[in-house]
Amino acid sequence: MNNLHIILTFLLLIAVAQEAQSATSPAEFDKALLPYLQSHCVRCHNAEKQEGEFRVDKLSKNVGTENNPQWLEVMERINSGEMPPKTQAKRPTAAESAQAVEWIAARMKDGEAARMAARVRVTYNRLTRDEYVNTVRDLIGVEFDAKDPGNFLEDPEWQGFERLGSVLTLSPSNIEKYLAAAEVILNEAYPPNVLPLKKGQKPLEPFGGTKRAIEENQIKERHRERLRELGLLDKVRFEMWPGDIFRYSRLDSLPEAGIYEISYKLSGLRPPGGRAPRLKVYEEKLDRVLFEQDIVADEDKPITVTFRAHLPKGSPNIMVYNDVSGPSNNPRSGRHSAVPFVSTKLGRTPWQMKLTDEEGLAIYPFLILDSITWRGPILTDEEKQRRVDYMPAEEGNLQQARDCLTTLARRAFRRPVTDAEMDGYMKIVQSELAAKESFRDAVKSGMAAILNSKSFLFLAEGDEKSSRGTLNDWEIASRLSYLLWSTMPDNELFSLAEQGKLRDKAVLARQFARMIADPRAERFSDSFATQWLRLRKVGMFQPDKKLYPDYDQTLENSMIAETKLFFREVLERGLTLREFLHSDWSVMNELLAKHYGVEEVFAAARQHAATDREFVRVSLPPASHRGGLLTQASILSLTSDGVRHRPVHRGVWLSEAIFGKSPPPPPANVDPIPTNPTGPKATLRQKLEAHIHDARCAACHAKIDHLGLAFENYDAIGRWRTVEITDGVGENPTVVSSGKFPDGREYQNAAEFKQLLLRDLDAFNHTFIEKLATYGLRRTTSFGDREELQKIAAASKAKDYRLQDLVEAFVTSDLFQMR
């Protein structure tokens, strides 16, 4: 197989040259920067006097595209205050230097965006990790666990976006992982030593069955006989107090890798007014949480929860946790007894911790497990047929092998394939046969070459032989499918592409309506919201346990889920962009409702919804101080550092995500905001105001701080507060969340701040569309896209900024069909 390894590696190696575009004009340079340079820089850095062997007078006026290292040094020297030197008689004001730095930084960012948006004859956009997984599943019916240890690394990102072709480059480590992945995928689809069924041969019995949580052979003989006499031997259960672990889920060794359905029959008792117990199912070898959910069910009315998980062949190492905090399990009282547990009424041994009080009410949130049921591997009829389509039915039939590989390649490449391409893959099959490999393995080698081809791993746009600025029908099908479903086109899209109908905007509109109503469109909501809002940063700085004891992984996951589900609700219900800025509702679970202090409102919503779903839509009273994205805990915590809130970081996030503007980098060597453990207590805002008296900082902070200071009433994990708990002497100071925009508009709190944003909805509309275009086109937008972006913005406004209409306007725009 060494020759195949070389062939596959060669197929993967791609060099893409990108042409830079001019980021600025000489006239703009002459007006914005040249006067500053002539007054403060050129005198010491010219043809006659080249201090530091550095000339400014000869640097290109095309800032951002030419002399970038030199312009970067100029910006950093001015930003740090090192230049112009303090010995210079006439120095610029802090505002003048900040303006020069901001202009250079903006041009550098424009130049970077232009380089990333540049299009050569063919652009190659590598599939993201999630897109690869979804595509493999739809192509061949295998759930590849790309996030498991040793598989794919996280995708790199640019300003939160992971789909950009210029960012998703291909390294040697990527190649090795793709080769290994293809082998794993094909071995699951066509297991070694497992041949196709012959005519009349019966398939193997499916794997599955049910086992008690505690089986007879786990019970000591003396207790076994007693329970048998009482008729309780088949009623033994496993009680789980907070932090307890159950290790006996496995029914037997799994016969093959695949999707398995696992069910737990159990009860969950919660203390009055307390937290519900939480079932967490974790596979230790894979380091993967398979399932988690709060469980509330009476002891004598257990419920069954069912989920599916992809597991490898062999013996899984599954641990079940009651994942809530409680008393330590280290003392003897926190252990299981040899006396089997049947019910709380029959009780436990005297030395064990009590789980219920005298009235039978739970003291701690605890679970009671009854049984576990397994079923699998589960494969749909469509997935079975796909695997049949790709593997020749007749041993040794090379024409069948070619036909099967052509079927696979056509779907994998998302376009028609040429005879020359298929000749190459058949040569691989024939070379493997010549090396005495079995026919089945030789065909699998051809399949592996297809799964490692650039035409599968990359979305290619353009032609090698001619320059074109628009997509063809096959490329439109892929762009639309990967936008809304994060996977390959389905049969209907393929059929329309083959008929040449996808450039018809009426057809595109119908396809959008069909696809956005499909459950797979949830991937768009989750993926776009995550990348636009940078939700992957939530939890990057874990909150200090001493300061925030209630913060745990479950709460963090709930925060992220709220934001994703909120976006999905706005999209699916035909709501407008206004909801992102402010709303009178949100989507939350019980834990998040407690975090926000709206437990009663949540309980009423849950009862009204009559659903057992963990997250429900909740109407927010004004006193909740919530509504929209900006006051959600995910956003407020990702802009904190785990110890304290960071108003400047919150301002930067708002500037980028809502206004679409990236501030220049901060000066080097600026002292951090100090703590004050012995002096009078002061809010972080007061300390920040003292900090920005530094002239190098003031001008830039004036454009950022008012955005973040509106949210001073929210701490580092997004809880509402009116005083700030801080170090120092005296009373904790009262929080002040008022501020003023540079244009003079004032606000007193976050609610008034959001109202000001709503009055300038057009600005947010433009930013959102630019973010959507970056995501959908898989490249940054450039100056040449502005006219089309404005048309989409106008279409959005005409539809009252409804999110679904906005996305449809993007899909049916001329821009969507441009490379």
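**Exercise 1.** Does Phe580 count as buried or exposed, and what is its relative accessibility?

*Solution.* The structure is a predicted model. Buried means under 20% relative accessible area. Phe580 has a relative accessibility of 1%, so Phe580 counts as buried.

**Exercise 2.** Determine how the rings of Trp532 and Phe580 are arranged, and which parts of the chain the pair ties together.

*Solution.* Step 1: the ring centres of Trp532 and Phe580 are 5.6 Å apart, and the angle between the planes is 70°. Step 2: planes over 60 degrees apart count as edge-to-face, and the pair of Trp532 and Phe580 is edge-to-face. Step 3: Trp532 belongs to helix H17 (residues 522-533) and Phe580 to helix H19 (residues 578-581), so the pair ties together parts that are 48 residues apart in sequence. Step 4: Trp532 counts as buried, at 2% relative accessibility. Step 5: ring pairs also link Trp532 and Phe580 into a cluster with other residues, including Phe528, Trp585 and Tyr775. The charged end of Arg163 sits over the ring of Tyr775, 4.1 Å from its centre.

**Exercise 3.** Describe the surroundings of Asp715.

*Solution.* Step 1: Asp715 is located in the loop between helix H25 (695-709) and strand S14 (739-740). Step 2: its relative accessibility is 9%, so Asp715 counts as buried. Step 3: the side chains of Asp715 and Arg719 are joined by a polar contact of 2.8 Å. Step 4: a polar atom of the Asp715 side chain lies 3.0 Å from the backbone nitrogen of Ile717. Step 5: not counting residues up to four places away in sequence, Asp715 touches Tyr548, Ser640, His645, Arg650 and Arg721.

Terms used: Residues numbered from 1 in each chain as written. Predicted model: local features only at pLDDT ≥ 70, side-chain atom pairs only at ≥ 80, totals over all residues. Heavy atoms only, no water. Helix = DSSP H or I, 4+ residues; strand = E, 2+ residues; numbered from the N terminus. Buried < 20%, exposed > 50% of the residue type's maximum accessible area, 1.4 Å probe, protein only. Polar contact = N/O pair within 3.5 Å; in protein donor to acceptor, adjacent residues only side chain to side chain. Contact = heavy atoms within 4.5 Å. Phe/Tyr/Trp six-rings, centres within 6.5 Å; stacked < 30°, edge-to-face > 60°. Lys NZ or Arg CZ within 6 Å of the ring centre and 35° of its normal.
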